[in-house]
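Trainee: I am new to this structure. Could you take me through it, please?
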Number of protein chains: 2
Amino acid sequence: MTPQAAPTPAYRRLSVEERRVQLLDAALALFAHRPPDEVSLDDVAEQAGVSRPLVYRYFPGGKQQLYEAALRSAADELRLCFDEPREGPLLTRLTRALDRYLAFVDGHDTGFSALLRGGSVVETSRTSAIVDGVRRAAAEHIMSHLGVTEPGPRLGMTVRMWITAVEAASLIWLDEEKQPPVEELRDWLVEQFVAVLSVTARRDAQTAELVGALVGDV
Amino acid sequence: MTPQAAPTPAYRRLSVEERRVQLLDAALALFAHRPPDEVSLDDVAEQAGVSRPLVYRYFPGGKQQLYEAALRSAADELRLCFDEPREGPLLTRLTRALDRYLAFVDGHDTGFSALLRGGSVVETSRTSAIVDGVRRAAAEHIMSHLGVTEPGPRLGMTVRMWITAVEAASLIWLDEEKQPPVEELRDWLVEQFVAVLSVTARRDAQTAELVGALVGDV
């Protein structure tokens, strides 16, 4: 596996913020292809083309701090996937957001599973909170596109269940050598979204109204 | 909150196996209502009406060992929920299994969420493996009732996604003061099962055949 970020020569003068971003990129490139337990600060220093003490100067908390910062940066990237202009049919917007999300999963495979699976030695309630924040952001984006400001419990639960199912699908997809093809997976997930909302619509007026709008809006 | 197992007086003579079961029951009763981090060995000794050294004699690995043993015992209980005679319509069997599962969730609320949410200080790859084992058992039971010995990737992924969605629903349900009522939640989950399988059936012959059988079998 080839790490994604090319090492930057150490002699280049970087600002503090540039250096921080460089180290986080190096860490993310490594976490993308190896579980966090198998990445050392030496690896990060080597990947970034800097000395180990320099990594410690930026992340005095060591690996745990670097991991959390890298996780936060990955979470920010994931949130960007959900940014979708409020134009065109709703299901087309969902399709585009899923395309970006699945491209992220595809590009960060091992790191993504290690992160979501938990059970790692560096898993803490803080890292869980970062992951939960991404889930919450996904749910908020969906509600906002649906034009719902106050989701009732049934609609809220349905959307959160679907988000969890998408996560599970991503992990299984990575385990199964990225089969089925990503476009099929994406369409399948969109159709499941409509299907589970339709089930909820049978017992919830708010959801029923939305499903009418979704299906009519093509 | 009242723990469920009544303390047994210490003077009763128990066999080694009886004592072990008694201590596990005491631990489970405590973990059922408090996150593992907040349960001490003293609490377990008090709950079981025995001395702390006795708890250590049975679980020399201390809290971590006791927690894992209690988790394994809860996992066994959960697996029992999936045991369903191969009689009657398939969806009726699924309904009965979900009734037992949701009764378990209802009875072990806090402990169940702490367990599934992870992020606890006693969360390890071993405890994750126990939880994954229960998920796998659930999928195997479903396949076996459906009469499927070799699930294709699309059917397999659909069933595993639904199991994850059920887990998510259970956690949300506990968070939202057990609303909607358990019977509604159960029927809703069964309907979602049929709905997601129907979506998969559009692109998978194996699943299409099953959905035909499920819907015809009432």
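Predicted model: local features only at pLDDT ≥ 70, side-chain atom pairs only at ≥ 80, totals over all residues.

Trainee: At roughly what angle do the axes of α9(B) and α10(B) cross?
Mentor: They cross at roughly 145°, and the axes come within 8 Å. Helix α10 of chain B covers residues 205-216.

Trainee: Which residues make that contact?
Mentor: From α9(B) the contact uses Phe193(B), Val194(B), Leu197(B), Ser198(B), Thr200(B) and Ala201(B). From α10(B) it uses Thr207(B), Ala208(B), Val211(B), Leu214(B) and Val215(B). By class, the contact of α9(B) with α10(B) has 8 nonpolar and 3 polar residues, with no charged residues.

Trainee: What about Gln192(B), where does it lie?
Mentor: Gln192(B) lies in helix α9 of chain B, which spans residues 182-201.

Trainee: Is Gln192(B) buried or exposed?
Mentor: Gln192(B) counts as buried because its relative accessibility is 3%, and the cut-off for buried is under 20%.

Trainee: Which residues is it in contact with, leaving aside neighbours within four places in sequence?
Mentor: With those neighbours left aside, Gln192(B) is in contact with Met161(A), Val196(A), Val199(A) and Thr200(A) from chain A, and with Trp162(B) from chain B.

Trainee: How do α8(A) and α9(B) pack?
Mentor: Helix α8 of chain A, residues 153-175, packs with α9(B) at an angle of about 45°, and their axes are 13 Å apart. The two helices are therefore oblique to each other. The crossing of α8(A) past α9(B) is right-handed.

Trainee: Which residues meet there?
Mentor: In α8(A) they are Arg154(A), Met157(A), Thr158(A) and Met161(A). They meet Glu184(B), Leu185(B), Trp188(B), Leu189(B) and Gln192(B) in α9(B). The residues of this contact divide into 5 nonpolar, 2 polar and 2 charged.

Trainee: Let us change topic. What does the secondary structure of chain A come to?
Mentor: It comes to 10 helices and 0 strands. Chain A has 218 residues, and buried residues make up 54% of them. Among contacts in chain A with a separation of 6 or more, residues 24 or more positions apart account for 68%.

Trainee: Where in chain A is Asp106(A), and what does it touch?
Mentor: Asp106(A) is in helix α5 of chain A, residues 90-107. Not counting residues up to four places away in sequence, Asp106(A) touches Trp173(A) and Lys178(A). Asp106(A) and Lys178(A) are 72 residues apart in sequence, and 8.1 Å apart in space from C-alpha to C-alpha. At 35% relative accessibility, Asp106(A) counts as partly exposed.

Trainee: One more residue, please. Is His145(A) buried or exposed?
Mentor: His145(A) is buried, with a relative accessible area of 15%. His145(A) lies in helix α7 of chain A, residues 125-146.

Trainee: Which residues is His145(A) in contact with, again leaving aside neighbours within four places in sequence?
Mentor: His145(A) is in contact with Glu84(A), Pro85(A), Arg86(A), Leu90(A) and Arg93(A), with those neighbours left aside. The backbone oxygen of Glu84(A) lies 3.3 Å from a polar atom of the His145(A) side chain.

Conventions. Residues numbered from 1 in each chain as written. Chains lettered and ligands numbered in written order. Heavy atoms only, no water. Helix = DSSP H or I, 4+ residues; strand = E, 2+ residues; numbered from the N terminus. Buried < 20%, exposed > 50% of the residue type's maximum accessible area, 1.4 Å probe, protein only. Polar contact = N/O pair within 3.5 Å; in protein donor to acceptor, adjacent residues only side chain to side chain. Contact = heavy atoms within 4.5 Å. Axes fitted to C-alpha atoms, helices over the stretch in contact; angles between N-to-C directions. Parallel < 35°, antiparallel > 145°, perpendicular 65-115°, else oblique. Left-handed = near helix turned anticlockwise from the far one by under 90°. Nonpolar A, V, L, I, M, F, W, Y, C, P; charged D, E, K, R; others polar.
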